[in-house]
Amino acid sequence: MPVKDFLLPFLRSLLDSLRNLLPILLVISFFQLVILQQPIPNLGEMLYGIFLVVLGLTLFIQGLEMGLFPLGEAMAYAFARKGSFLWLLAFAFALGFGTTVAEPTLIAVAEEAAKVAAAGGAIENTTEAMDAYAIGLRLTVALSVGFAIMVGVVRIIYGWPIQYLIIVGYIGVVLMTMFAPPEIIGIAYDSGGVTTSTITVPLVTALGVGLASSIKGRNPMTDGFGLIAFASLTPMIFVMGYGMVIG
Amino acid sequence: MNSPFNILHTLADTVFDVLPILVIIFGFQLLVIRRPIPNLRKVLIGFVYVLLGLVFFLDGLEIALFPIGKLMAQQLTDPAFLYGKVDDVVQAMQWRDYVYVYLFAAAIGFSTTIAEPALLAVAIKAKEVSAGAISIWGLRIAVAIGAGLGIALGTFRIVTGAPLHYFIITGYVIVIIQTAFAPKSIIALAYDSGGVTTSTVTVPLVAALGLGLASTVPGRSALLDGFGLIAFTCLFPIITVMAYAQISEWRQKVAGKRTHSTGE
């Protein structure tokens, strides 16, 4: 293979990645130079960092199309062909639980939440009590995401319209908000957004779309998406429940 | 600059992150499916690309963008910058004095969402599945507008101290009403776009903004009021993505009517 055939597309995707970053660079430079009126510190180091970000984004997108998307779809087809409903549910739960429990943003949020609980007097203000609280919270969120992916997969298989399930979820959030201790509400609402990582999202999306296209009568557009939606809704309910039980 | 060491550190972190996913996938593959993955070599190479890509991406963000972004969030929320001199009466700050904070919040929310790899992945998939009806940039811009609006409104809430759940419940009501009228094919994707917005780029910067604001606005506590921005960022893209689909549908209808009437 001539070098040109590899190099040109790669350069083109590097340019694409740079374009994705352009808005951030513009916003930061504008506020730094015009509003705050300060020079940009360590320009050389910053350019090096931007180069790494562009290179990383390019590799990630390349790997996405080669690895993550085909993998998620291949597994969806294999499960659909095997016709084993229970194993599929077990896989969905494991994927949701396993990818969430070690998620770094979740670990950070759980530690913050433990501080809030200790300051609010819900738990003792000791390191052990706070650690136990944070780990309990992480397990709660991971359980809720596993549960969410499982429910989402069942929905795809039976073709239930997504909005009814989401509305039930919203009602659950509103009801829990009325009874949960006020200091947990902010953390609970935020926990929905932090659970879905950059590797989980493509994998879960490919799984959903793959399932919907391999089951007769399902439309990948209306039925294939929606797994992430459940994964960002259930943690809110579960975390408020955790706050009520512990508090 | 000890970046070679930093990269190794990020690599170790990312591998640790990916490990449970690999164990689950290959566990099920070997024990349950018992069928070889098609193009295994290519898939594995792709996985390595994803891993390395994330490492460079995170490390670059840590070097170039996070320090300056977090510093800016602190400086913009500093009463000395907003109100002129520190010895002025800080208590007299009104919500109007924070205009630059809202502007920064909207701009940083929009721009970090455009750079979010998870959203890009979903947009690529959505284009593929909709056979091009949903464009990659169209979806990403719709989501980014929602994220920007959401974060700006979230900073406004921290400044005024209004209860978080009133805003969120109002958002839910809007989502439900829109769901009744939006094209059926967009609904699932719109619901998904809430969760994918908040990932590696957005969360650290937005969290810094929320904590900075809650610790400098008089009467707010960083612990209690600093949270909630992520929730806004998750909710508003659902509304703007459905609006995007509604507007495109409406424009098609108008265009259809026009060609129809000129045809007669």
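## Interface of chains A and B

In this predicted model, 96 residues of chain A make contact with 95 residues of chain B. Met66(A), Tyr170(A) and Met221(A) supply 8% of the area that chain A buries against chain B, more than any other three residues. Between them the two chains bury about 8400 Å², and 81% of that area lies on carbon and sulfur atoms.

Across the interface, 12 residue pairs are in polar contact, counting pairs with both residues at pLDDT 80 or more. On the side of chain A that touches chain B, helix α2 (residues 43-82) of chain A gives the most, with 30 residues. By residue class, that side of chain A divides into 64 nonpolar, 22 polar and 10 charged.

## Chain B

Chain B has 11 helices and 0 strands. Of its 264 residues, 51% count as buried. The accessible surface of chain B comes to about 11700 Å², with 67% belonging to carbon and sulfur atoms.

Contacts in chain B between residues at least 6 apart in sequence join residues at least 24 apart in 79% of cases.

## Salt bridge between the chains

Over all chains the count is 3 salt bridges, and between chain A and chain B it is 1. The pair is Glu73(A) and Lys125(B), whose closest N and O atoms are 2.2 Å apart.

Both partners are buried: Glu73(A) has a relative accessible area of 19%, against a cut-off of under 20%, and Lys125(B) has one of 1%.

## Salt bridges within each chain

Lys125(B) also forms a salt bridge with Glu128(B), the closest N and O atoms being 3.4 Å apart. Glu128(B) and Lys125(B) are 3 residues apart in helix α5 of chain B, so about one helical turn separates them. Glu128(B) is partly exposed, with a relative accessible area of 47%. Through shared partners, salt bridges join Glu73(A), Lys125(B) and Glu128(B) into one network.

In chain A, the side chains of Asp16(A) and Arg19(A) meet in a salt bridge at 3.6 Å, N to O. These two residues lie 3 apart in helix α1 (residues 3-35) of chain A, and therefore are separated by about one helical turn. Asp16(A) is partly exposed at a relative accessible area of 38%, and Arg19(A) is partly exposed at 44%.

How values were computed:
Residues are numbered from 1 along each chain as its sequence is written. Chains are lettered from A and ligands numbered from 1 in the order in which they are written. This is a predicted model: local features need pLDDT of at least 70, side-chain atom pairs count only at pLDDT 80 or more; totals for chains, interfaces and linings use all residues. Side-chain values use heavy atoms; hydrogens and water are left out. Helices (H or I, at least four residues) and strands (E, at least two) are DSSP runs, numbered from the N terminus. Buried means under 20% relative accessible area, exposed over 50%, partly exposed in between (1.4 Å probe, protein chains only). Contact means heavy atoms within 4.5 Å. Accessible areas come from the Shrake-Rupley method with a 1.4 Å probe; for residues, only the protein chains shown count as cover. Buried area is the accessible area (1.4 Å probe) that two parts lose on being put together, summed over both. A salt bridge is a side-chain nitrogen of Lys or Arg within 4 Å of a carboxyl oxygen of Asp or Glu. A polar contact is a pair of N or O atoms within 3.5 Å; within protein, one must be able to donate a hydrogen and the other to accept it, and residues adjacent in sequence count only if both atoms are side-chain atoms. Ala, Val, Leu, Ile, Met, Phe, Trp, Tyr, Cys and Pro count as nonpolar, Asp, Glu, Lys and Arg as charged, and the others, Gly among them, as polar.
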